[in-house]
Amino acid sequence: MLPIMDNHTLITVAPTGAESRKSDVPALPVTLDELVTTAKECQAAGASVIHVHIRDEQARPTLDLARLSDTVAALREGTDLIVQLSTGGAVSDGFPARLAVLDAGPDACSLTCGTVNFGDEVFHNPWPFIRELYARTQELAVVPEFELFDFGHIATLHRLLAEMGSPHGGHVHCDLVMGVPGGMPGNAATLVQAVAALPAGATWSATGIGRTTLPVLFAALSAGGHLRVGMEDTTSFARGRPVTGNAELVERAATLAALAQRPPLSCAQARQMLGVSGRS
Ligand code: KMH
Ligand code: ZN
């Protein structure tokens with residue numbers, strides 16, 4: 001029998017991000033209530049991981065620790081989703097605040113493996129910061145997901161694992177973030193090359209930003225990968241049709257995964273695959 005991860009699909013939802021403005025995208029979940037509501041809907045639709053960025057009272061991105069801790073608690077209370085906090089934050093966030101995210105006690109966190117041009121900005125992830133963040137995940141028993149925006153990030157992931165050993169939980173899971181202006185393009189040929197370069201035994205998901213969403217989703221499914229979807233990555237459902245909520249993106253991913261004979265993993269199965277411990 002195939003291992004569960006080979007005939008099922010992990011669906012991660014990234015509902016908010018740090019880039020879109022609520023005033024431009026009214027359906028974006030920015031309050032804690034909106035986030036928990038969308039999280040429940042997305043779990044029901046087939047998501048098992050939630051990648052979390054939060055906003056302040058004015059709906060601006062924040063890494064405020066008390067707010068992050070409340071968010072982790074509320075998502076645990078309201079859902080079974082694996083709570084993965086973003087350590088990327090917004091491009092304007094400094095390294096100390098990004099490291100401190102782990103003090104909010106999430107199950108998991110994102111860990112980007114290199115600096116990348118990010119539209120007109122730069123998303124800074126120098127090697128010493130990557131090392132420090134990784135060491136902190138190991139100390140605090142947080143499972144990292146390695147975010148890979150470009151091929152150099154894959155080389156850095158190999159270096160990180162060689163120098164610092166396995167992640168907490170013992171399993172390497174990567175997310176290919178494709179189609180960022182400045183990163184690798186979001187298309188099937190690039191995805192296949194990137195997957196071939198990943199560490200042996202790693203599992204991977206992929207997401208395509210903006211109009212690369214669908215090409216990357218179909219390529220990931222056909223190459224045996226997992227999926228990340230959500231309004232962090234796209235605010236259009238189809239040409240000229242804005243997303244009305246994260247759940248419809250998860251529903252579409254779950255439907256396509258089921259058609260591909262790899263239905264969504266449950267939250268418990270996702271925990272097992274990623275090495276995230278159950279909640280006590
Ligand atoms: N908002 C981007 C600058 C992550 O969450 O770890 C970084 C990002 C990656 O979204
Ligand atoms: Zn993010």
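Is threonine 9 buried or exposed? Select it and see: threonine 9 is buried, with a relative accessible area of 0% (buried means under 20% relative accessible area, exposed over 50%, partly exposed in between, with a 1.4 Å probe and protein chains only).

Before moving on, some ground rules. This is a predicted model, where local features need pLDDT of at least 70 and side-chain atom pairs count only at pLDDT 80 or more, while totals for chains, interfaces and linings use all residues. Residues are numbered from 1 along each chain as its sequence is written, chains are lettered from A and ligands numbered from 1 in the order in which they are written, and side-chain values use heavy atoms, with hydrogens and water left out.

**Stop 1: threonine 9**

Stay on threonine 9, which is found in the loop between helix 1 (4–7) and strand 1 (11–13). Helices (H or I, at least four residues) and strands (E, at least two) are DSSP runs, numbered from the N terminus. Now show arginine 262: its backbone oxygen is reached by the side chain of threonine 9 at 2.6 Å. That is a polar contact, meaning a pair of N or O atoms within 3.5 Å; within protein, one must be able to donate a hydrogen and the other to accept it, and residues adjacent in sequence count only if both atoms are side-chain atoms. Leaving aside neighbours within four places in sequence, the contacts of threonine 9 (heavy atoms within 4.5 Å) include Leu221, His226, Ala257 and Pro263.

**Stop 2: ligand 1**

- Serine 86 has a polar side-chain atom 2.6 Å from an oxygen atom of ligand 1.
- Glycine 88 has a polar backbone atom 3.3 Å from an oxygen atom of ligand 1.
- Glycine 89 places a backbone N or O atom 2.8 Å from a nitrogen atom of ligand 1.

Taken alone, ligand 1 exposes 300 Å², and the protein buries 97% of that. Accessible areas come from the Shrake-Rupley method with a 1.4 Å probe; for residues, only the protein chains shown count as cover.

**Stop 3**

Color by accessibility here: histidine 51 counts as buried at 2%, and histidine 53 counts as buried at 9%.

**Stop 4: helix 7**

Jump to helix 7 (residues 188–196), where Thr190, Leu191 and Ala194 are buried. These three cover an arc of only 100° around the axis, which puts them on the same side of helix 7; the arc is that of the directions from the helix axis to the C-beta atoms. To see what covers the buried residues, show elements including helix 6 (151–164), strand 10 (173–178), strand 11 (203–208) and helix 8 (213–222). At the start of helix 7, look for asparagine 187, whose side-chain oxygen reaches to within 3.4 Å of the backbone nitrogen of alanine 189.

**Stop 5**

Select leucine 256 in helix 9 (residues 246–259). Leucine 256 counts as buried at 18% relative accessibility, and, neighbours within four places aside, is in contact with Leu217, Phe218 and Leu221.

Follow the chain into the loop between helix 9 and helix 10, where glutamine 261 lies. Glutamine 261 is exposed, with a relative accessible area of 63%, and has a phi near 65°, a positive value in a residue other than glycine.

Helix 10 (residues 267–274) has Cys267, Ala270, Arg271, Met273 and Leu274 as its buried residues. They cover an arc of only 165° around the axis, which puts them on the same side of helix 10. The face turned away from that buried side carries the exposed Ala268 and Gln272. Finish on glycine 275, which follows helix 10 and has a positive phi, near 75°.
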